[in-house]
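Me: Please examine the model shown below. I shall then ask about helix packing and about the surroundings of the ligand.

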Amino acid sequence: MTVHPVKPKHRPDKISLWAYFRAFRRDILSAQPERLYHAWMAEFKTPFFRSVMINQPELVKTVLKDRPKDFPKSDSIGEGLRPLLGQSVFLTNGDIWERQRRIIDPAFEGGRLRDVYPHMHSAAQTLVARLASGRHEVEEIASFAAADVIFRTLFSIPIDTRIAQDVFHEFRRYQRAQPLLNLGALIPLPSWMPRFHKRDTKSSARRIRDLIATLTQDRAKAIAAGTAPDDLATKIMTTLDPETGQGFEWQEMVDQVAIFFLAGHETSASALAWSLYLMAAFPEWQDRIANEAVHLDDGFAGVSKLRATRAVFRETLRMYPPVPMMVREATQCERFRDRDVPRKTQVVISPWHLHRHDRLWDNPDGFDPARWDTENGKQCQRDAYIPFSAGPRVCPGAGFAMIEGVMLLASVLREFRVSISDADTPVPVAHLTVRAKNGIWLTFTPR
Ligand code: HEM
């Protein structure tokens, strides 16, 4: 019998709007009907907004790659995130967004990744040193490790520094106080509906921003004094926009650091935790990863030799894409698959459904890291695989995340075997990223 890794339940095809909202609030994955794994497109009309989910590679390409300016992020979608993220690159559009990307992108180029690699390596060593044999919840462990990577690469400080600890814990509080983040972040609510920026969410956002402001202000001073370390923050804060000759002021940098932290640690943590779950479920792959992990001793160049680890990590991002859905807004009337799509329609792109589409992928619900060497796997990787999105708004941290994830996974499995009991089978749910309802509990045994 073929064993498939866990997949969320789906809802009945027809339900009331109210039931949909309730389900959506609990979890955006199980709130969807099964037909989305088979459909090329699905429409959803409510009294407040109209949305269309596109699941056909050509349509996804139109929206993300060919005509991204006609499908910007909607202003109302950022509402739930704005107190924390301000004018960060994740939320802006148009000229502001273009300028921000011109300044940010050079920091994530290959050469720079080589420079920050030693920081990632130190974070991996810290992670492994903190692990002990026994049963542990890996999402928590992965969050801590991913936050450590971000602090070290961005600001050259490990997570056990006081200010890094404060930011980390304040972010967790923020997310607990903002349970409607998913709803507010994905759906444009009508203007009369009460907003959910609860007082404690707002003050939590303010505290996070104050802490980050201290970091960026100190860094601006160190840059001026010529004493700044050569890390991602210094690179971003000293890069001048080639078109205007201007860089970020430290205030603007606060918004960007907030998104680097949020986008860069929640997502990577989710991917690492699910990859460890998959390894526990498919132990034959653990040995392959442990065997090739000797290449970790070869530094940055060694990461490219971790072929099995990369195939596993890529397969994890297919099956449990940390960002399960993305939303854009149609700025003009469109015609998709012979149907009218009016202006202001919310266009939902779902890596979750596209990555498991049964008309595109061989064995869509099966775990098969070897698929990337097959014709179908290669074709789907080109046309139907978007864990980092695609086009000009593609995740600037994609290269960074692929090195980080592969390196952390190989580092853990080099030292430990992981296993899972049936009682601990995780249930995937999505709020901001794909997480397990009660965490992912695995048993670690030293190799
Ligand atoms: C496995 C890890 C990661 C995954 C799966 C991931 C995925 C994504 C996706 C899907 C988007 C597009 C969202 C949208 O358009 O609505 C995005 C955007 C973004 N990501 Fe990542 N990401 C990861 C890691 C990182 C890291 C490590 C960083 C930075 C250190 C980062 C920074 C960003 C930023 C700044 C954006 C906004 C880009 C823009 O809108 O122009 N991400 N990411």
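Me: At what angle do helix 6 and helix 17 pack, and how is their relation classed?
Reply: This is a predicted model, in which local features need pLDDT of at least 70, side-chain atom pairs count only at pLDDT 80 or more, and totals for chains, interfaces and linings use all residues. Residues are numbered from 1 along each chain as its sequence is written, and side-chain values use heavy atoms, with hydrogens and water left out. The axes of helix 6 (residues 138–155) and helix 17 lie 12 Å apart at an angle of about 130°, where axes are lines fitted to C-alpha atoms, for helices over the stretch in contact, and angles run from 0 to 180 degrees between N-to-C directions. Angles under 35 degrees count as roughly parallel, over 145 as roughly antiparallel, 65 to 115 as roughly perpendicular and the rest as oblique, and the pair is therefore oblique.

Me: How is helix 5 oriented relative to helix 6?
Reply: The axes of helix 5 (residues 110–130) and helix 6 come within 9 Å and cross at roughly 150°. That makes the orientation of helix 5 to helix 6 roughly antiparallel.

Me: Which class describes the packing of helix 11 against helix 17?
Reply: Helix 11 and helix 17 have axes 10 Å apart and pack at about 40°. That angle makes helix 11, relative to helix 17, oblique.

Me: Which polar side-chain atom lies 2.7 Å from an oxygen atom of the ligand?
Reply: A polar contact is a pair of N or O atoms within 3.5 Å; within protein, one must be able to donate a hydrogen and the other to accept it, and residues adjacent in sequence count only if both atoms are side-chain atoms. A polar side-chain atom of Lys73 lies 3.1 Å from a ligand oxygen, and a polar backbone atom of Val89 is 3.4 Å from one. The 2.7 Å distance belongs to a polar side-chain atom of Arg101.

Me: Which helix gives the most residues to the shell around the ligand?
Reply: The ligand is surrounded by 25 residues, each with a heavy atom within 4 Å of it. They divide into 16 nonpolar, five polar and four charged. The greatest contribution, five residues, comes from helix 11.

Me: Which protein atom is the donor of the iron atom of the ligand?
Reply: Donors are N, O and S atoms within 2.8 Å of the metal (3.2 Å for Na, K and Ca); water is not among the atoms, so sites may look incomplete. The residue concerned sits in the loop between helix 16 (375–383) and helix 17. At 2.3 Å, the only protein donor is Cys395 (SG).

Methods
Helices (H or I, at least four residues) and strands (E, at least two) are DSSP runs, numbered from the N terminus. Ala, Val, Leu, Ile, Met, Phe, Trp, Tyr, Cys and Pro count as nonpolar, Asp, Glu, Lys and Arg as charged, and the others, Gly among them, as polar.
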